[in-house]
Amino acid sequence: MTKIEFIKELTFRLASLPQNEIDKSTSYYSEIIDDRVEDGMTEEDAVKALGDMDLIVTNAMYEISLPVLMKARVNASRSKMSNKGLWITLVVLGFPLWFPLLMTFLAVILVIYVTIWILILSLYAVVLALGISGIAGIIGGIVLCFIKSLPVGLCTIGAALCCCALTLLITLPVLAFTKGLIRFTAWIARKIKSIFISKKAVTV
Amino acid sequence: MDIQLKRGFLEACVLAVLDRSDSYGYQLIKDISPCIEISESTLYPILKRLESGDMLSDYSVEHNGRLRKYYKITDAGREKIEDFKNEWKEIMSVYNFIMAKKESGENDKN
């Protein structure tokens, strides 16, 4: 395959994506081919060295946002159907079926994300509440020592110190847990995206 | 190797190379491949992700009558390298823990 044929094929395979994504991808590969040729390879070998076209297409799509991918998938299915009228009729007739399904799908994704963020938010709220009550308790305890009685004041200070200790103790685990959760959301996003990308093996 | 782990490694490798000097696609692959297996189609999404995370920027330079895209690391990219180094310390301590346990277990057997 020559460089021009390769770029043509790639453009064709990515056709459902926005034009700037196609341009970025083709200029990246065309630059690599040119560099390989400059390095002493023949054009044919340079194209061959890029590897499997399916993998190139899949990897080009993985970093694209979900709405764009969904649109691309719909466009691809439309272009596969030669009869435009039939496609529109099917979309209209199937509306009661596909619309609730789509909404459910989006709602499930939303709920997962909201749950994760609420979990993170509440964890931080706990840390913050413990920290504030710790500091307030120490100040209040000192005041109580003078205006009420020494035992009450000391007891309050003791409780406040416990709060401070707990804050210090859970801050790092909470941070690590948040990091893990954010990684988990990234993993979910990739899994969801893979639904809209053709089922080909992906190495990275 | 685990896919997520490899992605993390590759991102760090790309940033490390760019931290030394600005570079372009093919050169990045040549620089990184002795250390870890990387192909053009693997590098592409990594560059894209780093770019969307503002960890690198790009500019074009004319070379032999065509344009070549150079990538430049940003401050956020340098921070990411530091994050990676710190994370690595944790991973190493876990590794040492696992290996120490295994060795002591083997010694016990003997």
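How many salt bridges does the rule count over all chains? The count comes to 20 salt bridges over all chains, a salt bridge being a side-chain nitrogen of Lys or Arg within 4 Å of a carboxyl oxygen of Asp or Glu. This is a predicted model, in which local features need pLDDT of at least 70 and side-chain atom pairs count only at pLDDT 80 or more, while totals for chains, interfaces and linings use all residues. Residues are numbered from 1 along each chain as its sequence is written, chains are lettered from A and ligands numbered from 1 in the order in which they are written, and side-chain values use heavy atoms, with hydrogens and water left out.

Chain A has eight helices and zero strands, where helices (H or I, at least four residues) and strands (E, at least two) are DSSP runs numbered from the N terminus. Of the 204 residues in chain A, 31% are buried; buried means under 20% relative accessible area, exposed over 50%, and partly exposed in between, with a 1.4 Å probe and protein chains only.

The two chains meet where 27 residues of chain A are in contact with 27 residues of chain B, contact meaning heavy atoms within 4.5 Å. About 2400 Å² is buried between chain A and chain B, and carbon and sulfur atoms give 49% of this area; buried area is the accessible area (1.4 Å probe) that two parts lose on being put together, summed over both.

Across this interface of chain A and chain B the rule finds ten salt bridges. One of them joins A:Asp35 to B:Arg68, with the closest N and O atoms 2.6 Å apart, and this pair runs from helix H2 (residues 19-38) of chain A to strand S3 (residues 66-73) of chain B. A:Asp35 counts as buried because its relative accessibility is 2%, and B:Arg68 is likewise buried, with a relative accessible area of 5%. Another pair, A:Arg36 and B:Glu40, meets at 2.2 Å, N to O, crossing from helix H2 of chain A to helix H3 (residues 40-52) of chain B. Here A:Arg36 is buried at 11% relative accessibility, and B:Glu40 is buried at 2%. B:Lys48 also forms a salt bridge with A:Glu21, the closest N and O atoms being 2.4 Å apart.

Within chain B, the side chains of B:Arg78 and B:Asp75 meet in a salt bridge of 3.1 Å, N to O. These two residues are separated by about one helical turn, because they lie three residues apart in helix H4 (residues 75-109) of chain B.

Which residues have the most contacts inside the largest nonpolar core? They are A:Phe6, A:Tyr28 and B:Val14, in a core of 55 residues; a nonpolar core is a set of buried Ala, Val, Leu, Ile, Met, Phe, Trp, Tyr and Cys residues joined through side-chain atoms within 4.5 Å. Helix H1 (residues 3-20) of chain B gives the largest share of this core, seven residues. Leaving aside neighbours within four places in sequence, A:Tyr28 is in contact with residues including B:Ile29, B:Glu40 and B:Tyr71.

At the exposed end of the scale stands A:Phe146, which has 72% relative accessibility and has its place in helix H7 (residues 95-147) of chain A.
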